[in-house]
Amino acid sequence: MADPSHARADRPATANAPALDRHGALPASHAVPDLLTPGLRLVFCGTALGRVSALRRAYYANPTNKFWRTLHAVGLTPTRFAPQDYPKLLPLGIGLTDLAKAHYGNDAELPEGALDAAALTQRIAQVAPRMLAFTSKTAASAWLGRPTGRIAYGPQVERIGPTAIWVLPSPSGSASRYWDAAPWQALAREIG
């Protein structure tokens, strides 16, 4: 696992850091490392960093995203963390990753092949968390290989070795019309 402290969002931008368009190939200067280690109870997996997250070098950094406030509201974090504090999830047994590690942008803007289900499976198999929770049906669809309309929120029958799979409504501000905190609350109860 890469050292997450090197990807702190509060790190000042350098003159060499490229400007970011709305979407595109993710420059190494804006990459956010996986937050993965053996023994985790839960790993959240999104599709890709959004532009704001890539700019701030932190997961779920857009102020319209409900991820951080929801983690606290359902009791998965003791306080509401700021996006740049994402490394503080590790001591709580929570990790983070995305399906697309080489691109950033909204789901509809990602190029074909950006969502790498096989690479995700390999990363999760190596650390074997108790549960993998997809933070959108789009992310789940890419891994499960079925359309979003055929995916229910909550636990799935598929597994990665000992790792159970869960699907959650997207916390993204652009997916607000689909928002429902109930599956997040159920996940928090399940994971304990």
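The model is predicted: local features need pLDDT of at least 70, side-chain atom pairs count only at pLDDT 80 or more, and totals for chains, interfaces and linings use all residues. Numbering starts from 1 along each chain as its sequence is written, and side-chain values use heavy atoms, leaving out hydrogens and water.

**Sheet.** Select the five strands of the open sheet, in the order β3-β2-β5-β7-β6, with mixed pairing. Strands (E, at least two residues) and helices (H or I, at least four) are DSSP runs, numbered from the N terminus. Two strands pair if DSSP finds at least two bridges between them. At the edges stand β3 and β6 (154-160), each with a single partner strand, so one side of each has no neighbour in the sheet.

Now zoom to β2 and β5. They run parallel, joined by four bridges. Leucine 42 has methionine 131 in β5 as its bridge partner.

**Helix α5.** Select residues 182-191. Pro183, Trp184, Leu187, Ala188 and Ile191 are buried (under 20% relative accessible area, 1.4 Å probe, protein chains only). Seen down the axis of α5, the buried residues fall within an arc of 145°, so they line one face of the helix. The arc is taken from the directions from helix axis to C-beta atoms. These residues pack against β2 (42-46), α2 (67-73), β5 (131-134) and β7 (163-167). Contact means heavy atoms within 4.5 Å. Glycine 192 follows α5, with a positive phi near 75°.

**Leucine 76.** Show its surroundings. Not counting residues up to four places away in sequence, leucine 76 touches Arg41, Leu42, Phe44, Leu71, Leu92, Ile94, Ala188 and Ile191.

Key. Buried means under 20% relative accessible area, exposed over 50%, partly exposed in between (1.4 Å probe, protein chains only).
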